[in-house]
Amino acid sequence: MAAVATTDGKHRRGEAMKRAHAPVGPRWVLSRPPRLCPCLCPRLCPCLCPCLCPCLCPCLCPCLCPCLCPCLSPGLSPGLSPGLSLCLSLCLSLVACGSPTPPARPADATIDSAANEVDAAPKGCTSAASCDDANPCTDDVCAADGQCQHPPESGPCDDGNPCTGTGQCQAGACAAGPAKVCDDGNPCTADSCGVAGACTAAAKDGPCDDGNACTVGDACAAGACAAGPNGPCDDGDSCTSDACAAPAGACSHAAVDSPDCAAKAWPELLVRTAAPAGDWVVSTTTTLTFAGVAFGLPDSVTWTTGAGKSGAATVDLTRWTAEVPLAPGDNLVTFGAQRGATHAAHAVRVVYATWPAFAGPPDVSPKVVQTGAATLRVAVPVAVDDPALIKGVRAFVVDGAGANPQDPVDLYDDGGPCDAQAQDGLWSACIDVDNLAVGPLHLRVRATLPPTLKEGEPTLTWSAPARVDVVPAWNQGDCEAQQALLSNATAKLVLLTAQKGAAQATAQVLADLKVHPLVAEAGDAAPGAWVRFANAMLGLVQPHVAGTRGAASPYAAVARPEQPDTVTDEALGLDGWFGQTPCKPLTALDLTAAAPAEMARQVRHAGLYAAIGHGGRAFAGLGKAAVQGYGWHHPGAQEFWTIQAPIDCAALPKLAATGGAGTAQSDKSCKPKDGKVSDALQCSRWLLGDLYAGRVALHGGDRLALLPSFFARHAPHLGGSVVYLGLCHSAWNGSLAAELVGAGAAAVVGWSGTVTDAFASKTAAPWLLGLANGAAAGLGLPFADDPKYPGSRLRWVGDPKATVGVVGLANGGFEAEAAGWLLEGTARPARQLGPILPEFGKIMALFHTAGGDVQMQNPYSYPTRARTAACVPPAGANLCLRWRYLSAEAAAGCDPVDAFSLAVLKPGAAPQSELAINAEGLCYANTCTKCGGYAGPKQMSPVAIGPADGPTAGQAGDSGWVKSCFDLGPWAGQRIELTLQLTNKPNHETAVLVDDLTGL
């Protein structure tokens, strides 16, 4: 084979010869490599550049060496080491590794023959395999001219990066695939892919979420999420104690009891006395302690007297107390609250008499009369040790300040035509009054005593005045016209609101009302409007807002005691809640069908009073003269409560003015019959007085709205009740809450604005349930806004420790007057019956039949009784009482007498047992062996039972004080109702005294 023509051919040949005579060693076979080389070399040569030919198999050298050797000429071989020179020579001689296999050569071919074979290799490519550029993203082609071509291809490829997925060929190169996802689920680590394709996590800083919704500001620390401080429930109100329930993050906001919070809860400045209750009070001491409420966080609460004395009250949150010195007689005490330039005041009149003391104002019947003339019965208790000391008791007509007495009439305690019982300490008279004008009529009683050692002249003691409402002659036509006006205005307001919006609708309806001939003045009720009619009645045009507390809801009271468990408000389930307690302290009483005045009478004896229905506020801007005429304590907007009781103009009576004692009318229609609550058409006489006096307003033409002054008039002794006003705006400016607290309520809770029925029920339910289980009223009160009406939340005022539970018998000695008892018929607290005084304390209960001839005194068809409730301890108890029975019939022999008993009832069931005072067997004087049935001495009563001039005067039998006990074991752990009852037989003369009920 001829040598390849090169410039250094000569040198190469010399070198070949030198190698031919070298010592024997490894012999390089110059045969063609295996056929595998054409497949491997094109794919490896582009990537393998180190000059490793001597270390690799011979088949690889031809593909490796062309990467490096073409730049090396055989003429350089002499300057290289023998090993590298031999490698280079081989590389040059085996360039044609990928060429087709030439004919076989003898096995003993020499280096020179190999060189001749290389020199004879064809130029350019011979196949596609020889054009392989090892790039998966190109197609290798050997063109006809022997030149390699590499057009790009598409498809998957491997970019050689372990942190990426399968790549894709793009423009002849391998584009990287998607990055490998490294996420350990920890927000506090930075995740990445390492060189070998493994995920790594490094700690990092920054915010995170620890999964507890009750923390905020969570932050990463050392690769973990550290909880931040509590705070997502912060409502931004410093007057709430915010709490969060983990992990869901449910927020609760309890009211904070502080002066600043009192100002925020009740922003309007208002001051009111709470104890003693009423605008007129009686004191037997020279210094009287007052307690009251002050809304709006005043800078100070001060007091002044008509005698020129003054001082500052001690303020504790919304409550205040003051010690006020008194002068003999009438004292005008004014309490003032000052906040900056704003001032509010409330005045109370105090009657101070050293002795005797009237228990209160006289009882006047009827309490509502028409103009012209009327006959009134006046009765008042006078507490003295010896009635004979009283020289005279007289009644006077006075002005609103209790002054300028006129038209005196003598009162008697002799059992005469207008007196119930002789020497019972209740002085009475029937009074004819003429020339009555529309408005309030005030009557006051004065007692005259013998000269005192100090003054040397008779002592005159005055009672507080009583009020009678004088109304104009009833005009059914005016009533129906007013109803029609309000009804049409309400319908128009609803229609225009849908068309033009609330503001324009109110403005148009209000403009129409102001020019109506029946209307004296009108104003915006936000929403709706209010009117004052020319006849002094008030009206409201305020439709119900769907979804809020509506007029369709019944109102309910939980009373102590009353009827067996009946229906209460379905949204609150009060009766069911009280049923969950081991010894249910209260009974749910449904007053839906009650007349307003009867409802208020029941409220006086409620441990918990829950009002559910439509509420609002109105009459802001009412003329000053009208406000003064109505006697409102608050001159601004009045909060009101709309009840279901409708007003039927045709059913209201046409009161007849009467002129004689024999035609005097009683308030019979305002009392329950047979223990049942009166229906809505009764008490119509009192309703007329309330309508004309601004205590009740017509609402929408077919309902009644009770204003704050209604409760001041009809519920002056709430006896420490807890009151829940589940009404919109019932605690808006405090006018209603102030009157209820002023009437003796221990605590009042109401809504500050419009509230949805669903939210009110849900929010108040836990608090009411807590009350049912004995919790204090000031604990657990929810404090959150209605989401639909922001800013509408519960407000609270009063004693935080007040409860509604009755563990034992309340007021068993009657020392708190009638608190805790429902008195019916002639039952009443008494300080004495003639010379007979209470066995214990200063008060006892007095029951008497009052005689069939006494006018207006006992016109009731049901027995005289007193009722209360108690919870019997789980171990049982004995109930003991002291009683004294006096009967004119018993003194005459063994004639049947009036029965007196203590009935024990389980709520909802008939009496299971009763302690009967069996007067049928009582005998007196020398007849005891004749009748039998009573062991012990008998005596004649020091009191004449019945009329002083009657046939039994001074001859009444008297049992003396007797103590009886009754085992309550069958009712252990249960709630019971107790009823003291005296039956009334025609023409009988009986009196029973009860004192010191103990044992529970």
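Reply: Helix α7 (residues 476–500) has 25 residues and reaches 36 Å from its first C-alpha to its last, close to the 36 Å expected at 1.5 Å a residue; that expected span is 1.5 Å times one less than the number of residues. Before going on, a word on the source: this is a predicted model, where local features need pLDDT of at least 70, side-chain atom pairs count only at pLDDT 80 or more, and totals for chains, interfaces and linings use all residues. Numbering runs from 1 along each chain as its sequence is written, and side-chain values use heavy atoms, with hydrogens and water left out. Helices (H or I, at least four residues) and strands (E, at least two) are DSSP runs, numbered from the N terminus.

Now the two ends of α7. At its start, a side-chain oxygen of Asn 475 comes to within 2.9 Å of the backbone nitrogen of Gly 477. Just after the helix, Gly 501 has a positive phi of about 100 degrees.

In between, the buried residues (under 20% relative accessible area, with exposed over 50% and partly exposed in between; 1.4 Å probe, protein chains only) are Cys 479, Gln 482, Gln 483, Leu 485, Leu 486, Ala 489, Thr 490, Leu 493 and Leu 496. As background, an α-helix has 3.6 residues a turn, so residues three or four places apart point the same way.

What do these buried residues of α7 pack against? Their partners are α8, β31, β32, β33 and β39 (696–699), where contact means heavy atoms within 4.5 Å. Helix α8 (residues 502–514) itself lies across β31, β32 (529–533) and β33 (538–541), and runs at about 165 degrees to β31. Such axes are lines fitted to C-alpha atoms, for helices over the stretch in contact, and angles run from 0 to 180 degrees between N-to-C directions.

Those strands belong to an open sheet of 7 strands with mixed pairing, in the order β31-β32-β33-β39-β40-β38-β37. Its edges are β31 (519–524) and β37 (614–618), each pairing on one side only; two strands pair if DSSP finds at least two bridges between them. On average, neighbouring strands here are turned by 30 degrees against each other, direction ignored.

Further along the sheet, β38 (residues 638–643) and β40 (residues 703–706) pair in the antiparallel sense over 3 bridges. There, Trp 641 sits opposite Leu 706 in β40.

Note on methods:
Polar contact = N/O pair within 3.5 Å; in protein donor to acceptor, adjacent residues only side chain to side chain.
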